[in-house]
Amino acid sequence: MRTSTRRSHRLMALAAVAALTTGVLAGCSSDSDGTSSNASDSGKGKTTLTVGTFGVFGYKQAGLYDEYMKLHPNITIKEDVTTRTDVYWPKVLTRLQAGAGTDDIQAIEVGNITEAVQTQADKFVDLGKDVDKSQWLPWKNAQATTKDGKQIGLGTDTGPMAICYRKDLFQKAGLPTDRTQLANLWKGDWSKYVNVGKDYMKKAPKGTKFVDSASSVYNAAIGGESQRYYDKDGNVIWDKSTGVKAAWNAAMAVATSNMSAKLKQFDPTWDQGFANASFATVACPAWMMGYIQEKSGTAGSGKWDVAAAPTAANWGGSFLGVPTASKHQADAVALAKWLTAPEQQEKVFAKQASFPSTPAAYPNLKPAAATTAYFSNAPITQIFSDSAKTIPVQVFGIKDQPIGTAITDVGILQVEQKGKTPAQGWSAATKEIKDVLGQ
Amino acid sequence: MSSSKQALAHPAPGSGAAPGHQPGAARGGRGTPAPGTSSWRSRLYRWDMKASPYAFISPFFIIFGAFGLIPLLYTAWYSLHNVQLSSLDHKTWAGLDNYRNLLSSDFFWNALKNTFTIGLISTVPQLLMAIGIAHLLNYRLRGSTVWRVVMLTPYATSVAAATLVFTLLYSWDGGMVNWLLHFVGVDAINWRESTWGSQFAVSSIVIWRWTGYNALIYLAAMQAIPADLYESAAIDGANRWQQFRHVTIPQLRPTILFTVVVSTIGATQLFGEPLLFGGVSGSKGGSEHQYQTLGLYMYDQGWIIGNLGKASAIAWSMFLILLIVAAINLLFTRRLRKSQ
């Protein structure tokens, strides 16, 4: 009797150990499915759709998910947010290729869209067939379309650019404060903008600089160039690109002068710069409007104004794609179409000024009253839609993002913060890009 | 080795109904059923005796296999291929190209050098301070528990939170460190972009987080030192400092060695602090890679640039470096043992 209970104890212990280990192992294999759509299909034919996004897309904030769920009672939407794109995108890439763990809708940033189009097209549903493509800006569609005409993503927002500037600081520096006058002053050429900066620095209010960083000028300038780092056939041409040259020269003019506050964008110190009004201008894509309001706070209200940028430029913007791994493709496509329709893009704009990629929405755009007031009643919609309509068609490439980072965060930063010469900065960036491209 | 055998052999007699010298004898001692059953039982029993210990330790090895060994080997396989993050299924054989690439890459040697210097300027002061603090905490103090808990709080804070605060303290314009320095007439230092400044700043985060932890380990070891050693030293006329040098330190030797090994491994793998200290695109480790450690270099290559083959080669190089470090440590230990 005694031995048998003992043995059964032991067997039970063994069984428990076995169960635990298999449990742990099974846990890791089925984990990826947990984030996917089949997580909670249980309740009475209800379908749960997950939307994978990064940063702040504003769908939840604008109440779009709730609205859709009210319209479609059998759908539940869950958003799966990753703050940073550079963390989000590698995760999506591995999940797409594993064929598991993806969300039903996956957001794609413009810097990654070419990589997605060229390497992951077979992992996405072709969305071009079901929509009226003419709703979107033509270049927005083109960016998400493969050579054989498959469109893997629907355009969400774009990043038309303007110059946000502090009226109060401009006034103290003895410069004009009127937005059309300023826009005319630097119209057409970033070097004219740099010249205004030189004037500003002659009488700059104490403790302030003209612009936040040289990199922000670079990003704004390259955003208006049709030639970037790749040509149409996918060859790397960054070192010969006229666009890169022009943007680099503008950035160098800033970096080698005293007009830059030498901040790194999206660093906490940059945020403090907004709060302390330590720079007078910043190249601002539409999506940055909300950021400025938040970081400058109430003290900046009515002191910021918006003028057209020297060149029509685009910085940022995204797409929504539906991975073929989704278990509810039809429902996901319907939701993606609905979220990117002009009416919904209008609502997101009203909430957080993310600028639509659907021109049909432009006449009806109404920014939030608070935003308009904050930026001195500037005709924000007008400025941004003028820019959006004239942005040149840009060619992107697979390693666009790392190449851009190498130029701004290695080349330009060395000149701006370490006192290197532009030639030294250029060769450092060249070396870095060769490493990126594995040359 | 022999002690563990005894430990295993010990429960054997106890598990039978009657005490005996051999498990088989214990079975036979019960002696009712037919010999056939008995041998079956004893075989089962012997099998049980042999297999159970392995079953009990198996969870660790199964998990280690799944999350340690297989990825390790897979990484080795990857490191011999050209693999891009965007096309994992289309890897092409590259032989030792990735390693050859690394050896000829300035970025790799730079990262190795940075790992070494940051490791050195973070580990050495950290351990020295830890011994000093442990020594102070070893005195009879009012509210000693409070002090000990306070020492451990930095260790309990997250890397992210600590680094964020340090980044603000070290910010070029309006940071507290530069503000304090200006009182002693030092010009503002660009902590993030200067080479020594950034390495010092990263090290200071490491030091802040780990000193208390090491101090507690030293303190535990110090409290195990017999008091009569100090008494006899005192009778011989040794003052406090001499006691510390000639009694405490020699007694702490094995503990010091342990902390050195653990800190070295930690320093080789340094990742979170420099990444977060760099802020946006922190994986570059500064515009001149002045604080890019091997861990950051690997992350940058693999997940930012998307060259997983090369990143795998870096991972294996780090592993080999750790093996070398471990070998050096082993040699030191042997030396120390012999000298004792």
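What covers the buried residues of H14(A)? The cover includes helix H2 (64-71), helix H12 (288-296), helix H13 (329-340) and strand S9 (355-356) of chain A, where a contact means that two C-beta atoms, placed from the backbone, lie within 7 Å. This is a predicted model, in which local features need pLDDT of at least 70 and side-chain atom pairs count only at pLDDT 80 or more, while totals for chains, interfaces and linings use all residues. Residues are numbered from 1 along each chain as its sequence is written, and chains are lettered from A and ligands numbered from 1 in the order in which they are written.

Helix H14 of chain A spans residues 342-352, and its buried residues include A:Val348 and A:Phe349, as well as A:Glu346 and A:Lys351; buried means 20 or more other C-beta atoms within 10 Å of the residue's own, with C-beta atoms placed from the backbone. Just after H14(A), A:Ala353 adopts a positive phi of about 65 degrees.

Chain A as a whole contains 18 helices and nine strands, taken as DSSP runs (H or I, at least four residues; E, at least two) numbered from the N terminus. Of its 439 residues, 51% count as buried.

Confidence is given as pLDDT, the predictor's confidence in each residue, from 0 to 100, and chain A averages 88, with 90% of the residues scoring at least 70.

| Element of chain A | Mean pLDDT |
|---|---|
| helix H1 (residues 2-35), lowest | 47 |
| strand S5 (residues 209-211), highest | 97 |

Over residues 20-43 of chain A the pLDDT is below 50. Where pLDDT is low, the predicted coordinates should not be read in detail.

Conventions
Buried ≥ 20, exposed ≤ 12 C-beta atoms within 10 Å, placed from the backbone.
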